[in-house]
Amino acid sequence: MNKFVRLTIVLIIIMASYVSPISGFSTNKTSVKIAQVGDFFLYAPLYIALDANLFSQVGLEVSIINTGGDEKTWAAVLSGDADFGVGDPTFVAISAAHGRGGKVIASIVNGVPFWGVTWRQDIKPFNTTTDLNGYSVATFPAPSTAYTLQRQMFITAGKKPNIREGAFGALLTMAKSHRADIALELEPNVSQAVAQGGRVLYSLAEIYGDFAITGLTTSTDYLARSPETAAKVVFALQLALDKLHVDPEGALALLCKRFPEIKPDVAKAALERILKSQIIPQEVSIKPNAWQKAVDLRVSVGDIHTVGEMASYVDNSYADAALSKTKKDTKP
């Protein structure tokens, strides 16, 4: 069965789940608390799983809490204030170096979700590092992932990093007022900039490829206590990924309800861009090359000095089971 047919049948299962529970899971409700940095459009799989009732259909009552930072999200998981975390998965490796273990059990964002945007008409779009030409780029402050990867892009091009650091929400203003030639931004801000006359010059997703930038994490203690609940969460997220790729219009409608402050045309453009760039993966499993790039970045900035095998931090068994169940349930 080809991928299109499989995903089409998955869509039928998703639609059927609105009126009946997904087969193979108990309908007994289990309360689950998931921590996140804040409400980000890029966390679309989490919101689709919640708003399309996919969590509910596998017997989960999910609540989301905001922490304000990836390190705070992981701290909430380790302390037991949250059962799962959505954030930078390398914090699992960072804390493991200090004797506090956990696991990454699903991929949510599998590419670097930053685009270079400008209002300068004399700069042409490019996809190689050598074309930076010393232009100044506004990014979030060091040691953010955006800053670190943009700095690496300059270094790879053999150029001195020319970065102007700015607060969240200020980068486009910096580019628009010519305090920086380029702003390195996230969606939906990128599509908002385009709607205001800005142009996209380059995509870090194209330059860096697969990159484990956002994952679902949990503690080893929680996995030991509640493996079935973890399996349900990951399965619901896989169905959410399927819906995003098979039924983007339906997914968009749900995202527009969750983010009413974003104009529908901007939200549509943002979703199309992140799907086309494969920022949102098709499968919840963590790819080895994506994981390696993420931990290599942390090593380069000194957050981690020694890194063990991927299996020490990542448990793909839940993702594998979710994919296996999806394939089994979609057999004609």
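Start at the second largest pocket, which has a volume of about 340 Å³. Keep in mind that this is a predicted model.

**Stop 1: the second largest pocket.** Select Trp115, Ser203, Glu206, Lys276 and Ser277. Of the 17 lining residues, these lie nearest the centre. Now color β4, β9 (199–203), α9 (204–208) and α13 (264–276), the elements that each give two or more residues to this lining. β9 gives the most, with four residues. By class, the lining holds seven nonpolar, six polar and four charged residues.

**Stop 2: the sheet.** Follow β4 from the pocket into an open sheet of five strands. Read across in the order β2-β1-β3-β10-β4; the pairing is mixed. Select β2 (60–66) and β4 (102–111): each stands at an edge with a single partner strand, so one side of each has no neighbour in the sheet. Neighbouring strands are turned by 25° against each other on average, direction ignored.

Next, select β4 with β10 (residues 210–219). They pair in the antiparallel sense over seven bridges. Find Val104; its bridge partner in β10 is Thr217.

**Stop 3: the helices on the sheet.** Show α11 (residues 227–246). This helix lies across β1 (30–36), β2, β3 (84–87), β4 and β10, and runs at about 5° to β4. Then show α14 (residues 288–300), which packs on the sheet and touches β4 and β10. The direction of α14 makes about 85° with that of β10.

**Stop 4: the largest pocket.** Its volume is about 720 Å³. Select Val37, Phe40, Asp70, Ser144 and Thr145, the nearest to its centre among 26 lining residues. α4 (70–79), α6 (145–156) and β10 each supply at least two lining residues. The lining has 15 nonpolar, six polar and five charged residues.

Notes
Residues are numbered from 1 along each chain as its sequence is written. This is a predicted model: local features need pLDDT of at least 70, side-chain atom pairs count only at pLDDT 80 or more; totals for chains, interfaces and linings use all residues. Side-chain values use heavy atoms; hydrogens and water are left out. Two strands pair if DSSP finds at least two bridges between them. Axes are lines fitted to C-alpha atoms, for helices over the stretch in contact, and angles run from 0 to 180 degrees between N-to-C directions. Contact means heavy atoms within 4.5 Å. On a 1 Å grid over the protein atoms alone, a cavity is a set of points where a 1.4 Å probe fits but cannot get out, and a pocket is an open set with protein on both sides within 12 Å along at least five of seven lines; lining residues have an atom within 4 Å of a point. Grid points are joined across faces, edges and corners, and a volume is the space filled by probe spheres set on the points. Ala, Val, Leu, Ile, Met, Phe, Trp, Tyr, Cys and Pro count as nonpolar, Asp, Glu, Lys and Arg as charged, and the others, Gly among them, as polar.
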